[in-house]
Amino acid sequence: MPAAPNRRLVAVVLLVPVVVALALWAFAWPAARMAPRDLPLGVAGSAPAADQLAQQLEQRDGAFEIHRYDSEAAARTAIEDRSVYGAVVVTPKGPELLTASAAGPVVAQLLSEAVTASAHAGTAVPVTDVVAAPAADPRGSVLGASILPLAIAGVAAGSAVTLLRLRGGRAVTALLGVAALVGIVAAALTDSWLGVITGDWWSEAGTLGLTVLAIGATVAGLAALIGPAGVGLGALLMVLVGNPFSGVTSAPELLPRPVGAIGQWLPPGAGGSLLRSVAFFDGRAAGGAALTLALWAVLGLTAVIVGGLRRPTAPDAPEATPSRQRALAG
């Protein structure tokens, strides 16, 4: 058997298990190690009772990042601004918990369990959902599942631009057009039809489109710079790393370090965070995620344009055979 087919056979046999192992690690490991790590949590109320509770929560092996507030109103404002995921309000009757299931139902449930465990035995802890998840998606499962299709759409757009050999301005136009249409269609499905996101319609469409553009431009840009292998590299980065590291199904602070932070620097994580802000919090705390997506999109489109300026190498002319030389001479 020739050496080249043997090498290809060995490459396939070894590569597929490696990809499967990477996928299992990327998706299963963060989920298996989910726990609060410096999760922003507010404590409101008068000293010394509130200070004592804050100290107790801070002693939980770095689980919470405590923000101290003087009143319940201030704590509510912090939750609505996405500065904290929830707050414990110390009252003469006992602790009360403020949550925001729209920021992550998993986090809201975790806070409820943690605060109840900290209360005196037999003490009921009233829970108020300050920013509730929509009734059509109380568990946040639909929003969490929406990031993978966006990542696939972005990879598909970048791959199509590469396979169709669109270059320069044509490639940029194609990527912008795909992102705009996907944003409109996705907003129509998730907001107008399913009702699982409930913010400003055009802001949601823009967020969905910008996420697809950041991913698609990155894939096409890598392919324009390093060739078809860039499509595989981009897909690996966005789907097998960016999606499970996004924290959109739970929260970045629940993922192992530094997975949560890495995920927020990648388009799937930034897109999920931005979508949550515009869908449920009137765009509050959206600046960082929007800037991250914009940077990926600009860098990707720049790479597409730069790659398009390089002329493709012309294929070598076939070597003329003696019979062909005679025919041409005659």
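## The sheet

In which sense do S1 and S2 pair, and over how many bridges? The two strands pair in the parallel sense, over six bridges, where helices (H or I, at least four residues) and strands (E, at least two) are DSSP runs numbered from the N terminus, and two strands pair if DSSP finds at least two bridges between them. The model is a predicted one, in which local features need pLDDT of at least 70 and side-chain atom pairs count only at pLDDT 80 or more, while totals for chains, interfaces and linings use all residues. Residues are numbered from 1 along each chain as its sequence is written, and side-chain values use heavy atoms, with hydrogens and water left out.

Together with H2, the two strands make a right-handed β-α-β unit; right-handed means that, with the strands pointing away from the viewer, the path from the first strand over the helix to the second runs clockwise. The sheet to which they belong is open and has five strands in the order S2-S1-S3-S4-S5, with mixed pairing. Its edge strands, each pairing on one side only, are S2 (64–69) and S5 (127–129). Neighbouring strands are turned by 25° against each other on average, direction ignored, with axes taken as lines fitted to C-alpha atoms, for helices over the stretch in contact, and angles running from 0 to 180 degrees between N-to-C directions. S4 (residues 94–99) and S5 run parallel and are joined by three bridges, and Leu98 stands opposite Thr128 in S5.

## Nonpolar cores

The largest nonpolar core has 69 residues, of which Phe64, Leu111 and Leu175 touch the most other members. A core of this kind is a set of buried Ala, Val, Leu, Ile, Met, Phe, Trp, Tyr and Cys residues joined through side-chain atoms within 4.5 Å, and buried means under 20% relative accessible area, with exposed over 50% and partly exposed in between (1.4 Å probe, protein chains only). Helix H8 (residues 201–226) gives the largest share of this core, seven residues. A second, separate core of eight residues includes Val155, Ala223, Met238 and Val239.

Leaving aside residues up to four places away in sequence, Leu111 touches Leu39, Leu41, Phe64, Tyr85, Gly86 and Leu97, where contact means heavy atoms within 4.5 Å.

## Helix H6

Helix H6 (residues 147–163) has 17 residues and reaches 24 Å from its first C-alpha to its last, close to the 24 Å expected at 1.5 Å a residue; the expected span is 1.5 Å times one less than the number of residues. Its buried residues include Ile147, Leu150, Gly154, Val155 and Val161. The buried residues of H6 pack against H5 (141–145), H7 (168–193), H8, H9 (229–242) and H11 (267–280). After H6 comes Arg165, whose phi is positive, near 55°.

## Backbone exceptions in loops

Most residues other than glycine have a negative phi, and most peptide bonds are trans. Ala47 and Pro48, however, are joined by a cis peptide bond with omega of about 5°, and Pro48 is found in the loop between S1 (39–44) and H2 (49–58). Another cis peptide bond joins Arg257 and Pro258, with omega about -5°; Pro258 is found in the loop between H9 and H10 (259–264).

Arg82, in the loop between H3 (72–80) and S3 (86–91), has a positive phi near 65° and counts as partly exposed because its relative accessibility is 22%. Asp282 also has a positive phi, about 55°, and is placed in the loop between H11 and H12 (287–309); with a relative accessible area of 68%, Asp282 is exposed.

## Two further sites

Ser250 lies in the loop between H9 and H10, yet is buried, with a relative accessible area of 3%. Not counting residues up to four places away in sequence, Ser250 touches Met34, Ala103, Gly104, Val106, Val107 and Leu255.

Ala290 lies in H12 and is partly exposed, at a relative accessible area of 26%. Although 83 residues apart in sequence, Ala290 and Thr207 are 8.1 Å apart in space, C-alpha to C-alpha. Ala290 touches Leu210 and Leu274, again not counting residues up to four places away in sequence.
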